[in-house]
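Subject: Structure for your files

Hello,

The structure is below, followed by my notes on what was found in it. Please keep the two together.

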Amino acid sequence: MVFAKSWEDFEIAAENMYIANPCQCRFTLKYTHQKTAVVLKLTDNAKCVQFKTEVLSDLKRIEKFTGNLMWLMASKEQ
């Protein structure tokens with residue numbers, strides 16, 4: 001399991017992984033209250049990319065990314 005060093009790295013790697021194999025990808029978002037941390041994880045059973053943040057301003061980016069990913073999942077183009 002690889003933690004991305006920056007948000008941009010995670011976003012690009014996750015979108016590319018989903019586009020390459022949409023039927024096998026799973027996306028999870030986990031919030032830990034004690035650590036006030038959010039962990040995002042996208043896996044296709046062969047590769048896994050993760051991003052962890054404790055910064056409140058990253059929530060807007062996470063919301064936008066999740067919306068884009070859901071749009072990709074719901075679109076009929078793939």
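Asp58 and Arg61 sit 3 residues apart in helix H2, so about one helical turn separates them. Helices (H or I, at least four residues) and strands (E, at least two) are DSSP runs, numbered from the N terminus. The side chains of this pair meet in a salt bridge at 3.6 Å, N to O; the term requires a side-chain nitrogen of Lys or Arg within 4 Å of a carboxyl oxygen of Asp or Glu. Asp58 counts as buried at 10% relative accessibility, while Arg61, at 39%, counts as partly exposed. Buried is under 20% relative accessible area, exposed over 50%, and partly exposed in between (1.4 Å probe, protein chains only).

This is a predicted model, in which local features need pLDDT of at least 70 and side-chain atom pairs count only at pLDDT 80 or more, while totals for chains, interfaces and linings use all residues. Residues are numbered from 1 along each chain as its sequence is written, and side-chain values use heavy atoms, with hydrogens and water left out.

A search of the whole structure finds 2 salt bridges. Glu63 and Lys60 form one, with their closest N and O atoms 3.8 Å apart. These two residues also lie in H2, 3 residues apart, and both are exposed.

As for H2 itself, its buried residues are Asp58, Ile62, Phe65, Leu69 and Leu72. They cover an arc of only 85° around the axis, which puts them on the same side of H2; the arc is that of the directions from the helix axis to the C-beta atoms. The face turned away from that side carries the exposed residues Lys60, Glu63, Lys64, Trp71 and Ala74. Among the elements covering the buried residues are helix H1 (7-20) and the strands E2 (26-32), E3 (37-43) and E4 (48-53).

Phe65 touches Trp7, Phe10, Glu11, Ala14, Glu15, Phe27 and Leu40, leaving aside residues up to four places away in sequence; contact means heavy atoms within 4.5 Å.

The largest nonpolar core has 17 residues, of which Trp7, Phe10, Leu40, Leu42, Val49 and Phe65 touch the most other members. H1, E3, E4 and H2 each supply at least two of its residues, and H1 gives the most, with 5. Such a core is a set of buried Ala, Val, Leu, Ile, Met, Phe, Trp, Tyr and Cys residues joined through side-chain atoms within 4.5 Å.

Regards
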